[in-house]
Amino acid sequence: MIEILGPDKLARARDAGALVADILQNLKTRSGVGTSLLDIDRWAKTMIVGAGAQSCYVDYEPSFGRGPFGHYICTSVNDAVLHGLPYDYTLADGDLLSLDLAVSTGGVAADSAISFIVGDSKPPESVAMISATERALAAGIAAAGPGARIGDISHAIGSVLSEAGYQINTEFGGHGIGSTMHQDPHVANTGRPGRGYKLRPGLLLALEPWVMADTPELVTDADGWTLRSATGCRTAHSEHTIAITDDGAEILTLPTHAHL
Ligand code: MF3
Ligand code: CO
């Protein structure tokens, strides 16, 4: 099902988006050398519950994971790229950390992910990967507007990633979002312009380019959730939730500092 949101639900999506973005920025600031992934999960829980929002993850039991996720945020380090299940790992200088968070407020969800390097060292390969996913995300957003098609977004994202030298995995990508976190349409991270569903005002999409340094292949960790690069190479991921408007796209997951 593809959901088109009216003004009331769109207002709730804006609230959810601002909250997600503010929590992610807060967690980025607090995450340093010596922080445990379980600290980050606990901080996320405190902020979600404190804001009166609902976690989209804690009870989530999709076909691609093992049982309910049981945590409040995905924490993916280095070769882990998606659905990183928090565990008692202590962050070290130079770790590439991706945080992916989705919450609902008033029954409407927003989903966003950021990647950053922990500590003071800035490995150039990691900086380049993060930049590629951020530029691909910006290109996808620029291609999204009423009348454009899903394939235009996918093509814009995929062009940036492949020009940056990455092979693209098509098993996981962006998605519609609204009353639930994962909805149609699927937004692959590569595709053909002019193809697919035509965008309409009120459609919410989560766009999420992600890359792995030297492979398009994923392996699932023994925890049943965390997806890692098959070669053990580094990875990065960036995600925003956007709303299609009458004249373009509005990013809902920009930090506002209003919620914390
Ligand atoms: N928010 C993730 C996405 O970007 C989904 C995480 S599902 C979880 O689509 F269960 F792993 F949390
Ligand atoms: Co998502």
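Reader: What percentage of the 260 residues in the chain is buried?

Author: This is a predicted model, in which local features need pLDDT of at least 70 and side-chain atom pairs count only at pLDDT 80 or more, while totals for chains, interfaces and linings use all residues. Residues are numbered from 1 along each chain as its sequence is written, and side-chain values use heavy atoms, with hydrogens and water left out. Buried means under 20% relative accessible area, exposed over 50% and partly exposed in between, with a 1.4 Å probe and protein chains only. Of the 260 residues in the chain, the buried share is 55%.

Reader: Why does the radius of gyration of the chain agree with a compact globule?

Author: The radius is taken over C-alpha atoms, and the globule rule is 2.2 Å times the number of residues to the power 0.38. For 260 residues the rule gives a value near 18 Å, so the chain agrees with it at 17 Å.

Reader: What share of the contacts with a separation of 6 or more joins residues 24 or more positions apart?

Author: A contact means heavy atoms within 4.5 Å. Among contacts in the chain with a separation of 6 or more, the share from residues 24 or more positions apart is 70%.

Reader: How many helices and strands are in the chain?

Author: Both are DSSP runs numbered from the N terminus: helices are H or I with at least four residues, and strands are E with at least two. The chain has 4 helices and 14 strands.

Reader: What covers the buried residues of helix 4?

Author: Helix 4 spans residues 150-163. Its buried residues include I150, I153, I157, V160 and L161. Their cover includes helix 3 (124-142), strand 7 (183-187), strand 8 (204-207) and strand 9 (210-212).

Reader: Which peptide bond is cis?

Author: Most peptide bonds are trans. P185 lies in strand 7. With omega near 0°, the cis bond is the one from D184 to P185.

Reader: What is the phi of N78, and is N78 buried or exposed?

Author: N78 sits in the loop between strand 2 (74-77) and strand 3 (80-82). Its phi is positive, near 55°, in a residue other than glycine. Because its relative accessibility is 16%, N78 counts as buried.

Reader: Where is H83, and what is its phi?

Author: H83 is in the loop between strand 3 and strand 4 (96-105). H83 is buried, at a relative accessible area of 12%. Its phi, positive in a residue other than glycine, is near 60°.

Notes:
Chains are lettered from A and ligands numbered from 1 in the order in which they are written. The expected span of a helix is 1.5 Å times one less than its number of residues.
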